[in-house]
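Please look at the sequence and the structure, which I shall now show.

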Amino acid sequence: MKIAVLSNVTVDFVTDQLKKEFEVYSPDGYDTWQMEAADPMSGLYKCSPEAVFIILYADKFEEGFQTEELAAIRMDSWLCSVKQLSEALRPVPVFLSSLDMDRICCAPASSICGCDALAADWERQASAGGAYILPVKEAVRNIGREQFYSRKMWYMGNSPYSLKGAKAVAELIRQCCGYLSKPRKKCLVVDLDNTLWGGVIGEEGVNSIELSAHKEGARYYDAQKCLKRMKENGVMLAIASKNNLEDVKPVFHHPYMLLQEDDFVSLKVNWEAKAKNVRDMADELNIGLDAFVFFDDNPAEREQMKSMCPDVSVVDFPKDTSMLPFVIEDIYETYFKALYVTDEDREKTESYRQSQKRKELQSRSSSAQDYLRNLQIIADIHRMRSDELARVVQLAGKTNQFNTTTIRYSEKEILELSQGNDSDVITAYMEDRFGKEGLTAAMVVRYNGERASIDSFLMSCRVMGRKFEHAIMDAFLSWLKTSRPQVKYIYAEYIKTAKNKPVENLYDSFGFSCERQTGKPQEAGYRKYYGMQVEQWPSANAFAEKFASVPYKKITGIGEQEC
């Protein structure tokens, strides 16, 4: 990954920590970062970084920070450069350090509050200007100012950080790069007894468990606060507990039981092996075992999970339960934290609960066609809008099962593809009688004269089985005939991975011809190349007949306005 590290001080100690893992650009000269940001021909822009990190240091002895008024002027100048850089590089993410502002030199006590207010306002303005905050100030607070900084190194080489401080800043940069590049987990499975509360509910009863807002029980209450916050940020929560359900149910009426049943996508409260319960959850939620994190106070359960479900990430439980909220917070940082949270993320738990209602409807339906008709599905298919960028990048980054090529795209790539004259990004929304599924599918298409090539076709696993892919393909090709009449041929490709078997014959089902194949069908990397003349795509009536009708209540196609 290629990153740029800019600063108003010497940060060689920081960049040295990163060069084994990243291709790092750092400009020559001292405090030249604003000139780099202002010059479109500078090395910063030429290196085409995938992320930019700006590490700024406010020295209380420097002339620009001798008073609050001077500090405000200096910070405004910095923020202007940050905004300029963010706009010029968009959608490349720009991370700006929070400011650890020491008290202004030889100032009255009242200035301390002013200094804190300036630092807080700095973060608000930076975020509004399009930058993400790199929490350097928090790292200083955790480590301690005396250990984080080196006065000797500052006066010897204008490098304010000690080796410990430099390592901490480098680790923050690594974490942010991880948010951009690493696939995030989807579901946290937790135990109940001695995890969400203290004690064993089956033995002690609901009135005797440890769970309160003060003293011993507060550690569990605070842990639930963290879990609740995780759920609100798109993490699915599930329960795997060896208990009787009738013993557990009353706890949800406990005055300090913050988490309720509808906060969980699955409750496996039984005496089955927890590894089996997690496998069942994977089937029910239609996600892989590698999307789960398991958290349980019992070491035997943890070891069994590692043995029986090696793809599941298992987290050690703290020996000191006063650390419980902090361990859960660390679980979020390590496995689930993303650069941004979309509306689809926030509604994920409700979405999966709606899927349970769909399964109930399916079990009562006389046929697959009857089930789809009773869902009363509405599809909205269109060219990507600018406010959909984050969701499309997220979908492309984590979709594995319904993904024809499993190409991972950066924000910059998707933005360029959506705005280019020789490419399109098609997005698709779905909703039905049970609720909105949101933006759940995308198609990347490139054009070259008479040829159109589907670079990638992907769809969230939670909407598979509803013929949504057929509606998308029909809407796209019907639109293509009128919007780009010069395109005569449509091509597509399937690249086999360990997880995308559901789309192995997708293009065959659309009527495309498989023109050639490479590799061995049973091995990853096997490819099938497809083609079709655009004019061969059936009319709306023929399409409905060929696919036994896609029983959607309404399809708002590309270029159409929803009624």
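I begin with a pair of helices. The axes of helix α19, residues 389-398, and helix α20, residues 411-419, come within 9 Å and cross at roughly 115°. Axes here are lines fitted to C-alpha atoms, for helices over the stretch in contact, and angles run from 0 to 180 degrees between N-to-C directions. Helices (H or I, at least four residues) and strands (E, at least two) are DSSP runs, numbered from the N terminus.

Two remarks on the source are needed. This is a predicted model, in which local features need pLDDT of at least 70 and side-chain atom pairs count only at pLDDT 80 or more, while totals for chains, interfaces and linings use all residues. Residues are numbered from 1 along each chain as its sequence is written, and side-chain values use heavy atoms, with hydrogens and water left out.

Which residues of α19 and α20 meet? On the α19 side they are L389, V392 and V393, and on the α20 side E411, I414 and L415; contact means heavy atoms within 4.5 Å. By class, this contact has five nonpolar residues, no polar ones and one charged. For these classes, Ala, Val, Leu, Ile, Met, Phe, Trp, Tyr, Cys and Pro count as nonpolar, Asp, Glu, Lys and Arg as charged, and the others, Gly among them, as polar.

Helix α19 is largely enclosed by the rest of the structure, because seven of its ten residues are buried. Buried means under 20% relative accessible area, exposed over 50%, and partly exposed in between, with a 1.4 Å probe and protein chains only. The buried residues of α19 are L389, R391, V392, V393, Q394, L395 and A396. They pack against α16 (343-346), α20, β12 (423-432), β13 (435-448) and β14.

In the loop between α19 and α20 we find T406. Its phi is near 55°, a positive value in a residue other than glycine. T406 counts as buried, at 17% relative accessibility.

S48 also has a positive phi, of about 50°, although it is not a glycine. S48 sits in the loop between α3 (43-46) and β3 (51-55). With a relative accessible area of 37%, S48 is partly exposed.

Is R466 buried or exposed? At 3% relative accessibility, R466 counts as buried. Its side chain makes a polar contact of 3.4 Å with that of D432 and another of 2.9 Å with that of E437. A polar contact is a pair of N or O atoms within 3.5 Å; within protein, one must be able to donate a hydrogen and the other to accept it, and residues adjacent in sequence count only if both atoms are side-chain atoms. Leaving aside residues up to four places away in sequence, R466 touches R358, L372, L375, I377, M430, D432, E437 and Y552.

Now to the nonpolar cores, each a set of buried Ala, Val, Leu, Ile, Met, Phe, Trp, Tyr and Cys residues joined through side-chain atoms within 4.5 Å. The largest has 45 residues, and F457, F468, M473 and F476 have the most contacts inside it. α21 gives the most to this core, with nine residues. A second, separate core of 34 residues includes L188, V248, F317 and I328.

Finally, a cis peptide bond joins R90 and P91, with omega about 15°. P91 lies in the loop between α4 (68-89) and β4 (94-97).
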